[in-house]
Amino acid sequence: MEDVIFFAIFMALFAAMFTFLGYLGYKKTKTAEDYFVAGRKMGAVVIAFSYGATFISAVALIGFSGIASIFGHSILWLAFLNIFVGILIAFIFYGFRTRKMGLSLNALTLPELLGNRFNSTKLQSVSGLIIAIFMVAYISAVFLAIGSLFQVTFGISYELCVIVFTVVVGIYLIVGGLYAVMWTHAVQGVLMLAGMIILTVGMYAMLGGIGPAHEAAASLTPEILQSIGSPAATQAPGGLTSMPPLFSQPFMMILTLIFGVGIGVLAQPQLITRYLTAKNEKALRMAIPYGGIFILLMTFTAFSIGPLCDVLMVNNGIMYPGTPDKVVPLVVSELFPQWFVFFFLFAVLAAAMSTASALFHTAGASIGRDVFEKGIMKGISHEKSIKITRIATIVIIAATLVITLNPLDVVAFMCAFFFGLMACTFLAPYTLMLYWKKTSKAGAWAGMLGGFMFTMFWYVLIYFKTAPQIIGSSMIDNYMVNMLDPIFIGLPLSFVLTYVFSILIKQDKDEQKIMKKSFENI
């Protein structure tokens, strides 16, 4: 009963804080344009924290930290890709051009950028529908992470945790719009950063420092790991501080996670929105070092502590909790002082809130603006578009709640699924339209639908995580094939289709006119 009271008080304080921020966002949302583009008033620091807090969430802090406790420090390669691809390549090669083209075409979302660039409201509507439907899987991963954290910490039901969190996120998001989302991210980013730094320093201190901690992790044999019931006993055959053997099953698993998420980040609609909301080029340019430092600190701390959790569990006789999503929450609740437990809860809850709110906003806007305002109900007022967006957001929140109460998989793989699908669907047409003036509407359609259909085919019939749940077993028994992320085939296929169909079916006069306009500031 005491835990339930603590949980109620904690959530009440958290809800009050962020609902107030949502209310401030509501006061700033006087027109439809304010709801979507208030972020264009934000400077470099807010853009950097908003991008980082949207990118790095409870999925990384809880899900991928737990995965690192199984596969070891080899998952740190994902941290490298998060910085090199997710910040440097993303901002330098995509951010500036996206912002300039978005301003030229008056585009506020990725689907609208595609639709306006190729003079096709159908392309915009279909893009928006794909994003809204499948983004639910990623949001569910965030909710699963936070539900696991509170279940372990307070000992209350997973279902209650998820329901309460859903209500809090929904209220402040629907009320405040993008203004509330981005300013809240600035607050949440600071909390996340402080929480992870304290957690990492605390773990290294418990183990005698960086050197002794890594030596202790390296000394964990399969027999020792087996004694606490950790899957690392079989999934990290070379030890927690080295890569598994080339092309072994653990190696293929790591390959899927690293590249599915590490490359997929370039086509994330919720992150592309951050380019479109930069105040000016200077703000976008300055966001690179700020964002890089933030991502560096967050990912390297989150991915480093996984193996340290194994050492701490062995040293303190703590058994593996059954799923990687509960490893970090268990270690924190068992070994850290009470004040930090609550601070860490607040930090991870802030991380979950930041990403979930951005995803809900993106998915809701995809329905309200991209599907209805620009497609099905073309010509409706901006105010009605906002109303539809808020209704769509409520529906998406409800769908997310249903899936989260019946989770499809662990957090990390649900994240990798969405990142990979978005990359295979959008990255080719998005990249080529920014750099190749001959990209045509037919090419964009072919690349988008070809990549999407191949990826869904792979997940339904072949992929080792999903095919058995859908058709009973994978059509291909070879693990080197069925454990391969579809991004390795689907993404090149999408690029080829976009290029070939752009050559075969060239731009018409209207497309050429719009193309010239879209490149006028580039």
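Analyst: Let's start at Asn 106, which sits just after α5 and takes a positive phi of about 55 degrees. This is a predicted model: local features need pLDDT of at least 70, side-chain atom pairs count only at pLDDT 80 or more, and totals for chains, interfaces and linings use all residues. Residues are numbered from 1 along each chain as its sequence is written, and side-chain values use heavy atoms, leaving out hydrogens and water.

User: Where is the kink in helix α5 centred?

Analyst: On Phe 91, in the helix that covers residues 76-105, and the kink is about 55 degrees. The bend is the angle between axes fitted to the seven residues ending at a residue and the seven starting there.

User: At what angle do α7 and α18 pack?

Analyst: Two packed helices are described by the angle between their axes and the distance between the axes. Here, α7 (residues 121-154) and α18 (residues 411-435) pack at about 160 degrees, with axes 8 Å apart. That makes α7 roughly antiparallel to α18 (over 145 degrees).

User: Which residues make that contact?

Analyst: Contact means heavy atoms within 4.5 Å. On α7, they include Ile 130, Phe 134, Tyr 138 and Ala 141; on α18, Met 414, Phe 418, Leu 421 and Thr 425 are among them. By class, the contact has 18 nonpolar, three polar and no charged residues.

User: What about the protein chain: how many helices and strands are there?

Analyst: There are 23 helices and zero strands (DSSP runs: H or I of at least four residues for helices, E of at least two for strands). Of its 522 residues, 62% count as buried (under 20% relative accessible area, 1.4 Å probe, protein chains only).

Conventions:
Axes fitted to C-alpha atoms, helices over the stretch in contact; angles between N-to-C directions. Parallel < 35°, antiparallel > 145°, perpendicular 65-115°, else oblique. Nonpolar A, V, L, I, M, F, W, Y, C, P; charged D, E, K, R; others polar. Buried < 20%, exposed > 50% of the residue type's maximum accessible area, 1.4 Å probe, protein only.
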